[in-house]
Amino acid sequence: QVQLVESGGGLVQPGGSLRLSCAASGFTVSSYTISWYRQAPGKERELVATITSTGISRTYVDSVKGRFTGSRDNAKNTVYLQMNSLKPEDTAVYYCTAILGRHYWGQGTQVTVSS
């Protein structure tokens with residue numbers, strides 16, 4: 001059974017850092033591209049970053065380039081999103097997702113950036 005479980009969210013001050021984790025089960029993360037999306041209140045869900053099966057991290061939102069980086073730990077079957085220099089506009093629920101025939105989503109983890 002495919003399952004994705006995010007963790008690591010929380011409340012952080014502007015300029016702080018968080019590392020989100022996406023623990024996978026039922027498949028091997030090193031064989032698939034894992035994506036991170038986020039959804040802020042009143043906004044559509046947007047693609048933030050991907051980590052390919054070859055371990056390459058890409059970001060898709062201009063505002064996070066240079067601040068967010070994806071990575072993967074094959075031994076833990078877990079994908080990460082390192083978020084640095086956080087801004088209030090990064091506040092959102094963050095989801096990881098994988099496509100294995102269909103889209104599988106985690107339950108999301110809340111990130112709140114506020115002083």
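In β6, which residue is the bridge partner of I51? The answer is S57. This is a predicted model: local features need pLDDT of at least 70, side-chain atom pairs count only at pLDDT 80 or more, and totals for chains, interfaces and linings use all residues. Residues are numbered from 1 along each chain as its sequence is written, and side-chain values use heavy atoms, with hydrogens and water left out.

Two terms come up throughout. Strands are DSSP runs (E, at least two residues), numbered from the N terminus. Two strands pair if DSSP finds at least two bridges between them. Strands of a sheet pair through backbone hydrogen bonds, either parallel or antiparallel.

Start with β5, residues 46–51. Strand β4 (residues 34–39) runs antiparallel to β5, joined by 5 bridges. S35 has T50 of β5 as its bridge partner. The two strands form a hairpin with 6 residues between them. In that turn, G42 has a positive phi of about 75°.

β5 also pairs with β6 (residues 57–59), antiparallel, over 3 bridges. Their hairpin has 5 residues between the strands. Here G55 takes a positive phi near 85°.

Now turn to the open sheet. Its 4 strands follow the order β1-β3-β8-β7, with antiparallel pairing. β1 (3–7) and β7 (68–73) each have a single partner strand, so one side of each is left without a neighbour in the sheet. Neighbouring strands are turned by 20° against each other on average, direction ignored.

E6 has C22 of β3 as its bridge partner.

Methods
Axes are lines fitted to C-alpha atoms, for helices over the stretch in contact, and angles run from 0 to 180 degrees between N-to-C directions.
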